Amino acid sequence: VNSFVRSELFEIVNQRAKTNKSTVISTNLNLGELQTNYTDRITSRIVDKYILFPFYGDDIRKVRFIDSQTM
């Protein structure tokens, strides 16, 4: 992740939030990792403007890979 990516991500998140456009953001990062990898500014905008739906459970890709190795 570089400064260009951070800047563009902020612009996308900010513009969609300002215009009330639906957005789905999917990540494996928790909020702390999001803040570390991107910026406080991006994380703050996401937390403030979006509804967070955490999903828990096993990664289906890992489960399928393990299953394929045991066959």
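Residues are classed here as nonpolar (Ala, Val, Leu, Ile, Met, Phe, Trp, Tyr, Cys and Pro), charged (Asp, Glu, Lys and Arg) or polar (the others, Gly among them). The model is predicted, with local features requiring pLDDT of at least 70 and side-chain atom pairs pLDDT 80 or more, while totals for chains, interfaces and linings use all residues. Numbering runs from 1 along each chain as its sequence is written, and side-chain values rest on heavy atoms, without hydrogens and water.

A pocket is an open set of points with protein on both sides within 12 Å along at least five of seven lines. Its lining residues have an atom within 4 Å of a point. Points are joined across faces, edges and corners, and the volume is the space filled by probe spheres (1.4 Å probe) set on them.

The largest pocket holds about 890 Å³ of space. It is lined by 21 residues, and I25, T27, F53, P54 and F55 are the closest to its centre. By class, this lining comprises 13 nonpolar, six polar and two charged residues.

The second largest pocket has a volume of about 180 Å³. Its lining has 15 residues. Nearest its centre lie L9, I25, S26, L34 and I46. Two or more lining residues come from each of α1 (3-18) and α3 (40-49). Helices are DSSP runs of H or I with at least four residues, numbered from the N terminus. Helix α1 gives the most, with four residues. The lining of the second largest pocket divides into 11 nonpolar, three polar and one charged.

Two residues were examined for exposure. Accessibility is relative, with a 1.4 Å probe and protein chains only: buried is under 20%, exposed over 50%, and partly exposed in between. E33 belongs to helix α2 (residues 31-37). E33 is partly exposed because its relative accessibility is 34%. N20 lies in the loop between α1 and α2. Its relative accessibility is 69%, so N20 counts as exposed. N20 is not a glycine, yet has a positive phi of about 55 degrees.

Ring contacts were also searched. No aromatic pairs were found in the whole structure (Phe, Tyr or six-membered Trp ring centres within 6.5 Å). R41 places its charged end over the ring of F10, 3.6 Å from the ring centre. This contact requires NZ of Lys or CZ of Arg within 6 Å of the ring centre and within 35 degrees of the ring normal.

Note on methods
On a 1 Å grid over the protein atoms alone, a cavity is a set of points where a 1.4 Å probe fits but cannot get out, and a pocket is an open set with protein on both sides within 12 Å along at least five of seven lines; lining residues have an atom within 4 Å of a point. Rings of Phe, Tyr and Trp (its six-membered ring) pair if their centres lie within 6.5 Å; planes under 30 degrees apart count as stacked, over 60 as edge-to-face and the rest as tilted.
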